[in-house]
Amino acid sequence: MTLSLQEVSDRLEIEQLLARYCYAVDDRDWEAYRKIFTPDAVLDDTVTGGIRSGVDEHVAYMKGALLKVVISQHAISTILLDLRGDEASARVHCSCPMVVDLGEGKRQVFFQGLWYRDRVIRTSEGRRSRGRLLESQFTGGVHVLTSVTRCAGSVTVAVFRRGSYWRNTVFLVPSSTWSMTSSLTGSAPTLVA
């Protein structure tokens with residue numbers, strides 16, 4: 001398959017867009033993060049316990065979700081692009097080790113792997129993602145971590161426990177609609193409205 005100069009340029013521009021996303025999240029540079037997406041983009045990371053929302057709502061969610069993450073290192077690879085003129089679709093593997101603050105001076109490495117599916121368009125400012133779907137998450141590395149973080153009217157409850165069906169689960173729920181009905185260190189938590 002011979003690529004035209006335009007196709008090579010498009011592929012490089014999209015790969016740079018995807019890489020800028022990783023750096024924006026790892027650096028917590030939310031202005032750079034916003035520039036990855038079109039104003040009407042829809043981001044869906046419900047597979048990780050996240051939300052489906054527009055860009056600004058997602059920035060607010062990410063700020064809260066990453067409060068206990070001291071360092072993250074999003075690394076993308078295996079980029080599969082389907083170019084169709086000014087539009088493209090991308091499927092990208094992401095491996096992301098994170099250092100999580102357990103409190104009391106303790107830290108633990110948590111590993112997450114997932115795939116990004118982006119709809120990318122050409123704009124007057126270059127390529128931008130019109131939408132991102134996260135899929136097929138796998139996790140590992142944390143034996144037991146429990147945390148409850150209140151942020152901007154929401155509560156993020158993170159429960160990581162090796163050897164049970166609810167291992168590595170993150171819930172984000174409005175703080176006014178939940179109560180915890182079991183010990184986070186014993187059995188699986190139940191969120192009750």
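In this predicted model, Asp-82 counts as partly exposed, at 41% relative accessibility. Its side chain meets that of Arg-84 in a salt bridge, with N and O 3.0 Å apart. Arg-84 is likewise described as partly exposed, with a relative accessible area of 43%. Both residues fall in the middle class because their values lie between the limits of 20% for buried and 50% for exposed.

Another joins Asp-86 to Arg-122, where the closest N and O atoms are 2.7 Å apart. This pair links distant parts of the chain, since Asp-86 is in the loop between E4 and E5 while Arg-122 is in strand E6, 36 residues apart. Asp-86 is partly exposed, with a relative accessible area of 46%, and Arg-122 is also partly exposed, at 30% relative accessibility. These two residues belong to a network of salt bridges that links Asp-10, Asp-86, Arg-122 and Arg-127.

A further salt bridge is formed by Asp-44 and Arg-52, whose closest N and O atoms are 3.7 Å apart.

In soluble globular proteins, nonpolar side chains tend to be buried together. In this model, the largest nonpolar core has 33 residues, and those with the most contacts inside it are Ile-14, Tyr-21, Tyr-33, Phe-37, Val-55, Met-62 and Tyr-116. Several elements each supply at least two residues of this core: helices H1 (5–26), H2 (30–34) and H3 (55–65), together with strands E1 (37–44), E4 (75–84), E5 (87–103) and E6 (106–123).

Leaving aside neighbours within four places in sequence, Tyr-21 is in contact with Tyr-33, Ile-36, Phe-37, Met-62, Tyr-116 and Arg-132. Aromatic rings deserve attention here, and the structure holds 5 aromatic pairs. In one of them, the rings of Tyr-21 and Tyr-33 have their centres 5.7 Å apart and their planes at 40°, so the pair is tilted. The pair links distant parts of the chain, with Tyr-21 in helix H1 and Tyr-33 in helix H2, 12 residues apart. Tyr-21 and Tyr-33 are both buried, and for Tyr-33 the relative accessibility is 0%.

Tyr-33 also forms an aromatic pair with Trp-30, and this pair is edge-to-face, with 5.4 Å from centre to centre and 75° between the planes. Trp-30 and Tyr-33 both lie in helix H2, 3 residues apart, which is about one turn of the helix. Trp-30 is buried, with a relative accessible area of 11%. Ring pairs link Tyr-21, Trp-30, Tyr-33, Phe-37 and Tyr-116 into a cluster.

The charged end of Arg-132 sits over the ring of Tyr-21, 4.0 Å from the ring centre. Arg-132 lies over the face of Tyr-116 as well, at 3.9 Å from the centre of that ring.

Two residues of the strands complete the picture. His-93 has its place in strand E5 and is buried, with a relative accessible area of 14%. Not counting residues up to four places away in sequence, His-93 touches Ala-75, Ile-76, Ser-77, Thr-78, Leu-114, Trp-115 and Phe-138. The C-alpha atoms of His-93 and Thr-78 are separated by 5.8 Å, although these residues are 15 residues apart along the chain.

Glu-135 is found in strand E7 (residues 126–140). With a relative accessible area of 17%, Glu-135 is buried, because this value is under 20%. Leaving aside neighbours within four places in sequence, the residues in contact with Glu-135 are Val-47, Arg-91, Leu-114, Trp-115 and Arg-117.

Terms used:
Residues are numbered from 1 along each chain as its sequence is written. This is a predicted model: local features need pLDDT of at least 70, side-chain atom pairs count only at pLDDT 80 or more; totals for chains, interfaces and linings use all residues. Side-chain values use heavy atoms; hydrogens and water are left out. A nonpolar core is a set of buried Ala, Val, Leu, Ile, Met, Phe, Trp, Tyr and Cys residues joined through side-chain atoms within 4.5 Å. Buried means under 20% relative accessible area, exposed over 50%, partly exposed in between (1.4 Å probe, protein chains only). Helices (H or I, at least four residues) and strands (E, at least two) are DSSP runs, numbered from the N terminus. Contact means heavy atoms within 4.5 Å. A salt bridge is a side-chain nitrogen of Lys or Arg within 4 Å of a carboxyl oxygen of Asp or Glu. Rings of Phe, Tyr and Trp (its six-membered ring) pair if their centres lie within 6.5 Å; planes under 30 degrees apart count as stacked, over 60 as edge-to-face and the rest as tilted. A charge sits over a ring if NZ of Lys or CZ of Arg is within 6 Å of the ring centre and within 35 degrees of the ring normal.
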